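Visitor: I have a chain to go through and would like each term set against its cut-off. Please show it first.

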Amino acid sequence: MSEYKSDLVRTLVERGYHFQSTDLHALDERAQKGPITGYIGFDATASSLHVGSLVQIMMLRVMQKTGHRPIALMGGGTTKIGDPSGKDKSRSMLTEGQIEANKQSILKAFRPLIDFGDGPTDAILCDNDEWLSEFGYIDFLRKFGPHFTINRMMTFESVKLRLDREQPLTFLEFNYMLLQAVDFLELNRRYDCTLQLGGGDQWGNIINGVELCRRVDQQEVHAFTTPLITTASGAKMGKTADGAIWLNADMLSPYEYWQFWRNTEDADVGRFLKLFTDLPLDEIAKLEALDGAAINEAKVRLANETTAMMHGADAAREAEETAKQTFAQGKTGAALPTVEFEGLDSGEVGLIGLFVEAGLAGSNGEVRRHMKSGAAKVNDEPLTDPYAKASADLLIDGAIKLSVGKKRHALAKPV
């Protein structure tokens, strides 16, 4: 039996989200008394979040499902600075137009998972540029500068990491943790927000906010962070050899998203089912107990649940059926990533170039290396001629199937 009484804290702990927190029992007691408001910030550094950020959105989902109110804070202001946490070098400076476009785009990943609205547990969407842009520099320093010491700031991992590796940390980035602390103070004032959640690399930044709320407004608030999500083999979650696993369908097809989860390592299946699905723990325990070839059933369930949650049940079913056709039956599934080309049936388009354009390789040289190992295939047949051209007789059901290895496929279709 769990030592935690509130649905919120018990769920977060039992499903593996907990890494560090300020006073978990105090948070548990507060959550038993009624709905609390908690937030996570998301900077708009790209047009999509990747799957490494999904655990954070899932925590907002847990908050809502257990009767509390989540805030998704868009970092329109902090994105202008750039969070140095976990980075060896400064982020590229984005224009306000780029930030706004990114912000609108990454919101696509939130709407399937949490409900926004005006109800007591409906999620709130806000942007820290709303208040950060209102501060004058001198005014900001006078209000908040006295509450931070350089001595303390130098002890935080985001700073130490950069300095230990002898990489420059700009004064611009050094300000980031102050801005994030002010976010917590502002959200506490506006929405009675008493909880900030985030990844483990954000611990120092979050603690600054907890202390600022106490010093300025004498408000007791809470911090809660997740462990760094890595695979059993030690790889960072959300990044693969082929690139980031984006949440937005226009950045990564639902089929490729499904395949990412289907290819989960055996040792990770149970943990990922807890973190990234809503399946009950007793059902997860049964799936986790499968071994040998049977563990593939659990992987398919993981892929179906995560894909349905993000892209819809129809997309999950189509992805599973495409996988069956592609792998078990040797056919061409409808949900495979598709790229259209002009003149594909003219006999003038090189097959090697198609692999690059379809995102299956980064260069012609990489395709040639795949050819030497027999991994590059056209319509399931090894590509052996580096000068071979696409032609009408290669079209099967109106497309040419391109493959690298057993798991990566795409369709090339004429415009």
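Visitor: How far apart are the mean positions of the positive and negative charges of the chain?

Guide: They are 3 Å apart, for 46 positive and 58 negative charges. Lys and Arg count as positive and Asp and Glu as negative, with His and the chain ends not counted. The place of a charge is NZ of Lys, CZ of Arg, CG of Asp or CD of Glu. This is a predicted model, in which local features need pLDDT of at least 70 and side-chain atom pairs count only at pLDDT 80 or more, while totals for chains, interfaces and linings use all residues. Residues are numbered from 1 along each chain as its sequence is written, and side-chain values use heavy atoms, with hydrogens and water left out.

Visitor: What makes the chain as compact as a globular protein of that length?

Guide: The chain has 18 helices and 15 strands; helices (H or I, at least four residues) and strands (E, at least two) are DSSP runs, numbered from the N terminus. Its radius of gyration is 24 Å, close to the 22 Å that the globule rule gives for 415 residues, so the chain is called as compact as a globular protein of that length. The radius is taken over C-alpha atoms, and the rule is 2.2 Å times the number of residues to the power 0.38. Along the principal axes, the C-alpha atoms fill a box of roughly 75 × 50 × 40 Å.

Visitor: Why is lysine 401 called buried?

Guide: Buried means under 20% relative accessible area, exposed over 50%, and partly exposed in between (1.4 Å probe, protein chains only). Lysine 401 has 1% relative accessibility, so it counts as buried. This lysine lies in strand β14 (residues 400-404). Asparagine 379 is 22 residues from lysine 401 in sequence, with 4.7 Å between their C-alpha atoms. Over the whole chain, 48% of the 415 residues count as buried.

Visitor: Why does isoleucine 352 count as buried, and what is it in contact with?

Guide: Isoleucine 352 is at 5% relative accessibility and therefore counts as buried. Its place is helix α17 (residues 351-357). Contact means heavy atoms within 4.5 Å. Leaving aside neighbours within four places in sequence, isoleucine 352 is in contact with Asn364, Val367, Arg368, Met371, Leu383 and Pro386. Proline 146, by C-alpha atoms, is 61 Å from isoleucine 352.

Visitor: And why is alanine 319 called buried?

Guide: Alanine 319 has a relative accessible area of 0%, so it is buried. It lies in helix α16 (residues 313-328).

Visitor: How do you know that helix α13 is mostly covered?

Guide: Six of the eight residues of α13 (residues 269-276) are buried. They are Val269, Gly270, Phe272, Leu273, Leu275 and Phe276. Their cover includes α3, α12 (254-262), α14 (281-288) and α15 (295-311).

Visitor: What makes a set of residues a nonpolar core, and how many residues has the largest?

Guide: A nonpolar core is a set of buried Ala, Val, Leu, Ile, Met, Phe, Trp, Tyr and Cys residues joined through side-chain atoms within 4.5 Å. The largest has 63 residues, and Leu54, Phe110, Trp261 and Phe276 have the most contacts inside it. Helix α3 (residues 54-65) gives the largest share, eight residues. Apart from this core lies another, of 33 residues, including Cys126 and Tyr176.

Visitor: Which residues is tryptophan 261 in contact with?

Guide: Beyond its neighbours within four places in sequence, the contacts of tryptophan 261 include Val51, Leu54, Met237, Phe272 and Phe276. Lys299, Leu302, Ala303 and Thr306 are also among them.
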